[in-house]
Amino acid sequence: MSAQKIVHLPTAAEVEQAKLSSRTLSKYADVDRVQLSLRGSNGEADELVLPGHVLQILLDVLAEVSQGNAISLIPYHQEISTQDAANLLNVSRPFLVRLLESGDIPFRKVGAHRRVKLQDVLSYKEQIDRQRHATLDELAELSQNEGMGY
C-alpha cells in the first residue's frame, strides 16, 4: 500500500507528544542543519544529521499532528487524481476538468481517469496566485490614485 493512502488519526497521547516535540525542535528552526540523538523503545540508539529544510518539514508534520490532524506526504513528481488536484486548488472537480481540457494544466489519461502531476498543479497554483496578487496591487494603486478608500 502506498504511503499517501495510509491515514492515521493521532491519538490524544500522540497529540501531546507532538506538542512537546514541536516546542523542543522549534528552537532549531532557523539552522542549516541539526544533529539528533535517537533512542527507540526497542533500545536502539543512533545519531543523525538533518538538513534545515528537512527539520522544517518535520516541524510542519508535528504542528499538524499536535492539532489532531492526519497528514500524508506526497512526492513532488507524484500523479494525483482530479479530485485531489481540485482540493489543492480549492475548486470543484468539474472546474478542474475544464482547466485540464482547455490545456491550462497538463494531464494524462489512464483508462477513463485523468491523472495530474502534483508539480503541474502546484505550478498552476503559483501562476494564478502571482496573477491574483498583481491584479490586487493594480486595483489598490488605482483606488489610491482616485482617492478612494479614505
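Predicted model: local features only at pLDDT ≥ 70, side-chain atom pairs only at ≥ 80, totals over all residues.
Reader: Which strand is joined to strand E1 (residues 33–39), and how many bridges join them?

Author: First, the general idea: two strands pair if DSSP finds at least two bridges between them. Here, E1 and strand E2 (residues 45–51) run antiparallel, joined by seven bridges. Residues are numbered from 1 along each chain as its sequence is written, and side-chain values use heavy atoms, with hydrogens and water left out.

Reader: What is the phi of Gly 43 in the hairpin of E1 and E2?

Author: Most residues other than glycine have a negative phi. In this hairpin, with five residues between the strands, Gly 43 has a positive phi near 90°. Now try Asn 90: its phi is near 60°, a positive value in a residue other than glycine. You'll find Asn 90 in the loop between helix H3 (82–89) and helix H4 (93–101).

Reader: Is Asn 90 buried or exposed?

Author: The idea is a set of cut-offs: buried means under 20% relative accessible area, exposed over 50%, and partly exposed in between (1.4 Å probe, protein chains only). Asn 90 has 71% relative accessibility, so it counts as exposed. Across the chain, 19% of the 150 residues count as buried.

Reader: What does Thr 82 touch, leaving aside its neighbours within four places in sequence?

Author: Contact means heavy atoms within 4.5 Å. Thr 82, in helix H3, is in contact with Arg 93, Leu 96, Leu 100 and Arg 114. Its relative accessible area is 10%, so Thr 82 is buried. Another case is Ser 66 in helix H2 (residues 52–66). Ser 66 is buried at 16% relative accessible area, and it touches Val 15, Ala 18 and Lys 19, not counting residues up to four places away in sequence.

Reader: How many helices and strands does the chain have?

Author: Helices (H or I, at least four residues) and strands (E, at least two) are DSSP runs, numbered from the N terminus. This chain has five helices and five strands, and its elements run α-β-β-α-β-α-α-β-β-α from the N terminus on. The radius of gyration is 21 Å, well over the 15 Å that the globule rule gives for 150 residues, so the chain is more spread out than a compact globule. That radius is taken over C-alpha atoms, and the rule is 2.2 Å times the number of residues to the power 0.38. Along the principal axes, the C-alpha atoms fill a box of roughly 65 × 55 × 30 Å.

Reader: Which residues form a nonpolar patch on the surface?

Author: Patches are made of residues with over 30% relative accessible area and no salt bridge: like charges are joined within 9 Å, nonpolar side chains (Val, Leu, Ile, Met, Phe, Trp, Tyr) within 5 Å. A salt bridge is a side-chain nitrogen of Lys or Arg within 4 Å of a carboxyl oxygen of Asp or Glu. Accessible areas come from the Shrake-Rupley method with a 1.4 Å probe; for residues, only the protein chains shown count as cover. Here the patch is Leu 136, Leu 139 and Leu 142, with about 280 Å² of accessible area together. Leu 142 sits in helix H5 (residues 118–145) and is partly exposed, at 44% relative accessible area.
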